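These are my notebook entries on a structure I had not looked at before.

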Amino acid sequence: KLMGDWIVVPIVLPAVMAALIVLAVRHDIILQRVFSIAATVALVGVTLSLVVFANGHDPEMYALSDWPAPFGIVLVLDRLSAMMVFLTSLLGLGVVLFASSEWDQRGKHFHALFQFQLMGVNGAFLTGDVFNLFVFFEVLLIASYGLMLHGAGADRLKAGMQYVVINLTGSALFLLGVGMIYSVTGTLNMADLAIQVSNVAPGDAALLRAGALVLLLVFCVKAALVPIHFWLPGTYANAPAPVAALFAIMTKVGAYSVLRVYSLAFGDMAGDMSWLAQPYLLPAALITLVLGMTGVLAAKRLNGLIAFSVVGSMGTLLTAIALFTPESIAAGLYYLLHSTFSAAALFLIADLIISRRGQFGDSLNTAPTFHQSGFLAVLFFIGAIAMAGMPPLSGFLGKLQILDAARDSDAMVWIWAIILVTSLMCIIGFGRAGSVLFWKSASVEGEITVEGAKWPVLPIVAACGMLGALVVLTVFGGPVTDYLHGVAAQIFDTSGYIQAVLGENALALLGQ
């Protein structure tokens with residue numbers, strides 16, 4: 001084993017740090033910040049080394065307690081999981097820097113919950129087992145419930161209750177789907193499922209299909225896909241800004257789960273159940289895109305506008321994934337990286353704007369100008385053109401790749417028309433918001449002064465860092481795209497994943 005114990009570090013490091021913060025330094029906010037930021041920086045270093053390793057090697061398995069697969073719990077490192085944990089740690093670093101200026105003092109245990117959230121998300125990306133995917137979903141959800149309600153407030157409590165109820169329902173359905181699949185195949189190890197699905201008796205096929213579709217519904221709840229997208233706008237718009245930015249990766253956990261399970265277990269080798277998710281996923285993704293961008297046009301609050309743009313971006317991402325071709329998956333993953341950073345950047349920039357607008361808050365109404373309005377207008381403009389997919393930033397490159405990948409699809413006309421029209425809707429929605437907040441407000445007499453609205457160094461560094469990530473994605477678009485084509489190739493070459501988990505003999509079973 002070349003990487004050995006390093007594969008488990010992205011899960012163990014935040015878990016240990018969360019416990020340490022709760023037990024040892026919960027009364028000292030400065031120490032909490034130091035420990036939390038140090039752990040997240042270390043996580044960035046570890047996950048970067050995993051990406052470098054995964055790029056040059058076949059998938060590698062880590063068996064917890066040295067129990068052999070498929071009986072024991074396994075973690076699997078391949079290019080996709082390495083990329084997702086690296087993305088999570090980069091996003092986490094920006095969020096913890098932003099929160100460490102004063103957000104973390106508005107409620108208790110922010111840093112401990114934050115570290116548990118990172119543990120859950122990283123675990124979901126690394127696990128090779130559907131039941132442990134459920135376990136890590138619960139870890140990240142329980143942490144997110146605490147983070148969602150951080151700092152309280154009536155609107156946040158109401159949105160938080162809706163969020164909790166929807167996700168508890170999703171968790172119950174998850175267990176139901178997992179039970180149905182296990183009752184037929186006798187396994188929940190993803191690599192083993194890939195072998196067992198094609199061997200299921202004809203009489204059990206209907207039960208397996210039902211279980212797989214229930215699981216798809218659960219993943220689509222997490223990914224905020226129609227018709228279960230309605231929880232997201234209220235939740236993200238009312239969450240604390242750093243939490244909403246961190247939640248940008250939460251919807252991606254749903255998208256990742258769809259990609260992993262339905263390309264590995266229900267992909268080419270699944271016989272009658274090959275590409276089971278495709279007919280349901282594409283129409284739902286396109287409708288999600290239309291509804292999300294319609295919400296952007298209709299939004300009356302800045303945070304609501306950004307939350308609806310996240311729904312729209314998930315529609316775009318899952319449109320690419322739903323095509324299930326190597327080209328569309330590579331394009332979709334590029335857009336996944338872009339949309340995570342652009343959504344996080346916009347939530348952080350919005351908080352900087354709202355904190356300076358006094359009683360006007362995030363309402364999209366004209367108000368007197370405020371401190372640093374010119375500087376924040378520039379940041380908002382960059383974030384808006386990124387989210388809308390305008391050149392020269394990475395959103396434009398991502399959408400271009402998705403359109404190119406859809407050329408051979410039967411639904412090409414629909415995909416092209418909807419992506420292009422909704423991009424225009426997004427431009428109009430953000431353009432309207434920017435003109436009201438900055439341009440029209442410049443003609444209103446007076447200036448809003450808010451105490452303490454000086455130059456907060458860490459939040460500005462965090463927001464600029466997210467925008468900087470978009471610039472890096474754009475400038476290094478070529479190498480990043482090459483890596484992502486490698487990721488897509490590895491996803492479609494499922495034999496490498498199966499062999500890493502179950503050993504050489506598993507491939508002989510495939511040939512039966």
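Entry one: the second largest cavity. I found that α11 supplies the largest share of its lining, three residues. Helices such as this are DSSP runs of H or I with at least four residues, strands are runs of E with at least two, and both are numbered from the N terminus. α11, α19 and α20 (494–502) each give at least two residues to this lining. I noted about 50 Å³ of space in the second largest cavity. Its lining divides into three nonpolar, three polar and two charged residues. In this scheme Ala, Val, Leu, Ile, Met, Phe, Trp, Tyr, Cys and Pro are nonpolar, Asp, Glu, Lys and Arg are charged, and the others, Gly among them, are polar.

The model is predicted: local features need pLDDT of at least 70 and side-chain atom pairs count only at pLDDT 80 or more, while totals for chains, interfaces and linings use all residues. Residues are numbered from 1 along each chain as its sequence is written, and side-chain values use heavy atoms, with hydrogens and water left out.

The search runs on a 1 Å grid over the protein atoms alone; a cavity is a set of points where a 1.4 Å probe fits but cannot get out, and a pocket is an open set with protein on both sides within 12 Å along at least five of seven lines. A lining residue has an atom within 4 Å of a point. Grid points are joined across faces, edges and corners, and a volume is the space filled by probe spheres set on the points.

How many cavities of 30 Å³ or more does a search of the whole structure find? I counted two. The largest cavity holds about 80 Å³ of space. Its lining consists of Phe137, Leu140, Leu141, Tyr163, Asn167, Lys222, Trp231, Met250, Thr251 and Val253. By class, I recorded seven nonpolar, two polar and one charged.

Two or more lining residues come from each of α2 (29–56), α3 (79–99), α14 (326–354), α18 (457–475) and α19. The most, four residues, come from α3. The lining has 15 nonpolar residues, one polar and no charged.

Of its 23 lining residues, Trp103, Arg156, Asn238, Ala239 and Asn303 are closest to its centre. α14 gives the most to this lining, with four residues. The classes are twelve nonpolar, five polar and six charged.

I checked its length. Its 16 residues (477–492) should span 22 Å at 1.5 Å a residue, and the end C-alpha atoms are 22 Å apart, which agrees. The expected span is 1.5 Å times one less than the number of residues. Its buried residues include Val480, Gln490 and Ile491. Buried means under 20% relative accessible area, exposed over 50%, and partly exposed in between, with a 1.4 Å probe and protein chains only.

Is glycine 254 buried or exposed? Glycine 254 is buried, with a relative accessible area of 0%. Beyond its neighbours within four places in sequence, glycine 254 is in contact (heavy atoms within 4.5 Å) with Phe219, Lys222 and Ala223.

Most residues other than glycine have a negative phi, and most peptide bonds are trans. I looked for exceptions. The bond from valine 226 to proline 227 is cis, with omega near 5°, and proline 227 sits in the loop between α8 (205–222) and α9. Proline 391 and proline 392 are also joined by a cis peptide bond, with omega about 10°. Alanine 224 has a positive phi of about 55°, and alanine 224 is buried at 0% relative accessible area. Histidine 109 has a positive phi of about 60°; at 39% relative accessibility, histidine 109 counts as partly exposed.
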